[in-house]
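This report describes one protein model, part by part. Look at the sequence and the structure first, then read on.

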Amino acid sequence: MVRVVGRLVLVLCAVGGLLVPAGQAAASSGHRPVCSVVWFDLGNTLVDTSVPKQMSYMRGALEHLRLLRAVGVPVGLITNVPPEWGATDAERAAATKAYVDAAWVEAEPFPWGWFGDRVLTPRSTAESKPSPALFERGRELAGPCRSFYEGETPAEIAAADQSGMTGYLTGVPDRPAYLPVWRVLVPFDA
């Protein structure tokens, strides 16, 4: 089902691109066509941490990640962990993975490999969210691509927006739990 929806979204975006060439859309609207990277908070956005030592997927999280993967959108994590968990992002990411995996209760493991080296953690307490530092690093790592950030904390969404990302507050009643994928795929800033 996810693959079918993903392909349908790709076809619709491709048809839209044929109707209005990206360069023309950019020139006429002031928007520029770009790729996208979607960044996530980890705890209580993708991973439910409400029960101590029993971590699982948030409702709809795995499906959302699968859909982004199916349409080729890179994903990353921007998550607060104690800076002393390691001297580098890679060391802190490994410690984060071990921490989550030790309490994981789902049959299907968390898809760490889908995030590659896009796991950003604070190098110091001053860099902890909602400080803009991690969001700025995420934008830099995304290069020319648009950066989106999905999280459950309004202060973090505001910091992401102020850092030039497009923030999406998850878990809000009466709207999609996660950012609709079409917003990520539209070939210009919508």
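## A buried ring

Phenylalanine 115 has a relative accessible area of 0%, so the residue is buried (under 20% relative accessible area; exposed is over 50%, and partly exposed lies in between, with a 1.4 Å probe and protein chains only). The model is predicted: local features need pLDDT of at least 70, side-chain atom pairs count only at pLDDT 80 or more, and totals for chains, interfaces and linings use all residues. Residues are numbered from 1 along each chain as its sequence is written, and side-chain values use heavy atoms, with hydrogens and water left out.

## Overall build

The protein has seven helices and seven strands. Helices (H or I, at least four residues) and strands (E, at least two) are DSSP runs, numbered from the N terminus. In sequence order the pattern is α-α-β-β-β-α-β-α-β-α-β-α-β-α.

Of the 190 residues in the protein, 42% are buried. A contact means heavy atoms within 4.5 Å. Among contacts with a separation of 6 or more, 68% are between residues 24 or more positions apart.

Five strands form an open sheet in the order 5-4-1-6-7, with parallel pairing. Strand 5 (119-120) and strand 7 (166-169) are the edge strands, each pairing on one side only. Two strands pair if DSSP finds at least two bridges between them.

Strand 1 (residues 36-40) and strand 6 (residues 146-151) run parallel and are joined by five bridges. Serine 36 stands opposite arginine 146 in strand 6.

## Aromatic pairs

The structure holds seven aromatic pairs. Rings of Phe, Tyr and Trp (its six-membered ring) pair if their centres lie within 6.5 Å; planes under 30 degrees apart count as stacked, over 60 as edge-to-face and the rest as tilted. Tryptophan 104 and phenylalanine 110 are an edge-to-face pair because their planes are at 75°, with the ring centres 5.8 Å apart. Phenylalanine 110 also forms a stacked pair with phenylalanine 115, at 5.7 Å centre to centre and 5° between the planes.

Tryptophan 104 is buried at 15% relative accessible area, and phenylalanine 110 is buried at 4%. Ring pairs link Tyr57, Trp104, Phe110, Trp112 and Phe115 into a cluster.

## Nonpolar cores

A nonpolar core is a set of buried Ala, Val, Leu, Ile, Met, Phe, Trp, Tyr and Cys residues joined through side-chain atoms within 4.5 Å. The largest one has 31 residues, and Val38, Phe40, Leu46, Leu77, Phe110 and Phe115 have the most contacts inside it. Helix 3 gives the most to this core, with five residues. Another core lies apart from it and has 13 residues, among them Ile78, Leu120, Cys145 and Tyr149.

In helix 3 (residues 61-70), the buried residues are Ala61, Leu62, His64, Leu65, Leu67 and Leu68. An α-helix has 3.6 residues a turn, so residues three or four places apart point the same way. Glycine 72 follows helix 3, with a positive phi near 80°.

## A buried threonine

Threonine 121 is in the loop between strand 5 and helix 5 (133-141). Is threonine 121 buried or exposed? At 0% relative accessibility, threonine 121 is buried. Beyond its neighbours within four places in sequence, threonine 121 contacts Thr79, Val81, Asp89, Arg92, Thr96, Glu127, Leu134 and Arg137.
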